[in-house]
Structure formats: structure tokens, C-alpha cells
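Welcome! Please take a moment to look over the sequence and the 3D structure before reading on.

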Amino acid sequence: MKFNKIFKDELDHCYAIMRLQQGDQDFIVVASEEKKPCYAYDLNNDYQRTVVWPDVGGTMTMVQIPGTLNFLATQRFYPGFNSAACRIVKETFNGTDWDQTIIGDFPYIHRFDILPKTDGSGYWYVGCSIANSKKDTDDWTDPGKIWVGEYNDASETVDHLHALDFRLTKNHGYKRMDGYSLITGVQGIFKLVPPTGQQDWQLIQLSDVETSDIYSADINQDGQEEYLTIEGFHGPYLRVSDHNFKTITRSAADTPFGHAIWGGRLGNRDYFIFGWRSGKQNLELITSDQLDAQLIDEQVGPSNVTVYNKEGKTYLLSANREANQVAVYEIISE
């Protein structure tokens, strides 16, 4: 597998990323976690850059509103994790750039999502707070919550917002699955199932291993998805587990500040992609359930990565945070 860096741009503390596509229009969006811009790059026009917002920043999560070029995003998740002033905004595409509406204040919300309801009547809202309050960035004495409700796009509001009866310490990971979500923290990995019929929200514990982030892919080609997890808050360990969360392998402590994580099909099989922000700050392709790896890029310290396809080619978008670099790599299967 070859990775050729075909585009790069400078963005201080680049963090949150998203592919934003609807109809013939196609963008990648990258936002800073500091008081810096959010940029959209036009994939149909040689990565022409548009400023979505010029400052504010502090963006941890961006979520496309299905069927549109509009999206929701967190802002003001700073300084560090002491983010009492965090808010969610809506960016509405006007044909040229984006107009902003403030949805509301959502203190300490690190990851959030909107999940389409099965009956087509709207969206469920899920928000995971990294803490409930903080005296300083290292204070974890008041654990976070899992907030749920309903997102109303017409009124641009989150309605019926309430916290589940559970406290989650150091939440960092969230992964939307098919009909449910995976949420991680010190207490382990949890499956969150939205209401169906007469049943309320369900929260089911799948693992009690402290987990920072999670992704799934059939890395060993056995027909079942495996899970790659960053173990501990920002690492430094990696773990591959089977579909029942039984450990297949666990890494040595050589990936400090593990952060970027993705899994899925490249060419004719599944792989994982992983990167860490301290030490070697490498971005790597994980090729087996024994964590064999191929170097993609070094000394870039990626915060988040995603893979997308366009016109028969496959690309890797990486927010190379420690290098202050937005990067796109063309992936060539050999």
C-alpha cells in the first residue's frame, strides 16, 4: 500500500475533520481546537479553500445534517479540557459559504452526534461530556455524563435534553455504528441504543477495560469485525479485540498520546489506521490483528483521520495537529 501526500495546508492545532458531500458538491472540512479557523476545501475545484469561521475554534466534533451541506459543530472547547463555555453551532450552506446559528451552550461536550430516527421523524441527539465540572484541567473528580434528547433541525434546537443515570469518567471516544453508538471512558466500552417502540435509551457495558477511542474493521479477514482500541486516556497502549471484546493482542507502550483512529476497506481488504501525538508522532497503517504496521508519515502528530473515495480513487484526510498541517494522501493499492 502506497500513500502519496498530494495536498497540504497550514492550520494551527488542526483537529476536527469531516467529508461533506451532497449531490454534486463535495468538500472536506477541517477545524482547529484553538481560537483559529475552520476551513472547507472544495474537492471539485483543486482544494479551493473557504473560511467557514475565522476564529473562535475549540472544535472537537463536526456532524453533517443528512441530505444537506449543513453541519453541527462544537466550539470553545478550551482551554484544554476545562471547557465550561463549550457550545454547539449550526453552519448552513448558502451556496458560497456558511452562515452560523448558535444552537446553545453545552458545557464540557467533547463528542456528540445526531442519529436519524427509524420512523423518519427527526433525529436523536447524543452528547458525551468529558466532565461535569472542573476546578482545573487536571481535575477529574466530577465525572462526565451521557446526554440524550432530540435534535429539531427546523427550530435548530435540542429538545427534551436530559442525562442518563450514569457517570462516565474521561470520555474521549465515540463511534456511530449500525443502529447504536459505542462510547468509551475509564469504566470501559458501552453500547448506547436509542429508544425503539416502548423501550427507552439503553446503555450496555461491553468491556471494563479503560478505553480512550475505538474503531472496528475485519482486520484478520475472518468475516467478523475486530475492534482497535486506544487503551488508557490517550494511550499509550493499543489493543485488538474480537467481536466479543476478547483480546487478540495488546501493544507495548510505544504510542504515547494515541489519538487518530480509523478502520475500513482499502482495496480488497480491511485495515486500521492509527496515529499518536507524542514521541515519534507517527501515522501508520495497521495490517494485521497482531498490530503489524506500515509507516504512512512521521513526525506529524495526527489528531484525527478519515478515508474517502472520489472518482474511483481513495484518499486519506489527516489533521496533522503537531505539524499544524491539513494533509491529504492518495492511497494506492499495490
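The report below goes from the overall fold to the salt bridges.

## About the model

This is a predicted model, in which local features need pLDDT of at least 70 and side-chain atom pairs count only at pLDDT 80 or more, while totals for chains, interfaces and linings use all residues. Residues are numbered from 1 along each chain as its sequence is written, and side-chain values use heavy atoms, with hydrogens and water left out.

## Overall shape

Let's begin with the fold: the protein has 28 strands and 0 helices (both are DSSP runs numbered from the N terminus, helices being H or I with at least four residues and strands E with at least two). Its radius of gyration is 19 Å, close to the 20 Å from the globule rule for 334 residues, so the protein is as compact as a globular protein of that length. That radius is taken over C-alpha atoms, and the rule is 2.2 Å times the number of residues to the power 0.38. Along the principal axes, the C-alpha atoms fill a box of roughly 50 × 45 × 40 Å.

Of the 334 residues, 59% count as buried (under 20% relative accessible area; exposed is over 50% and partly exposed in between, with a 1.4 Å probe and protein chains only). Among contacts (heavy atoms within 4.5 Å) between residues at least 6 apart in sequence, 43% join residues at least 24 apart.

## Salt bridges across the chain

You can find 16 salt bridges here, each a side-chain nitrogen of Lys or Arg within 4 Å of a carboxyl oxygen of Asp or Glu. One of them pairs Asp-26 with Lys-310, whose closest N and O atoms are 2.9 Å apart. This pair links distant parts of the chain, with Asp-26 in strand S3 and Lys-310 in strand S26, 284 residues apart. Asp-26 is buried at 1% relative accessible area, and Lys-310 is buried at 14%.

## Two further pairs and a network

Glu-150 and Lys-117 form another salt bridge, with closest N and O atoms 2.4 Å apart. Glu-150 sits in strand S12 and Lys-117 in the loop between strands S10 and S11, so the pair ties together parts 33 residues apart in sequence. Glu-150 is partly exposed at 25%, whereas Lys-117 is buried at 14%.

Arg-250 bridges to Glu-231 at 3.1 Å between the closest N and O atoms. Arg-250 belongs to strand S21 and Glu-231 to strand S19, so this pair ties together parts 19 residues apart in sequence. Finally, a network of salt bridges links Glu-33, Arg-277, Arg-321 and Glu-322.
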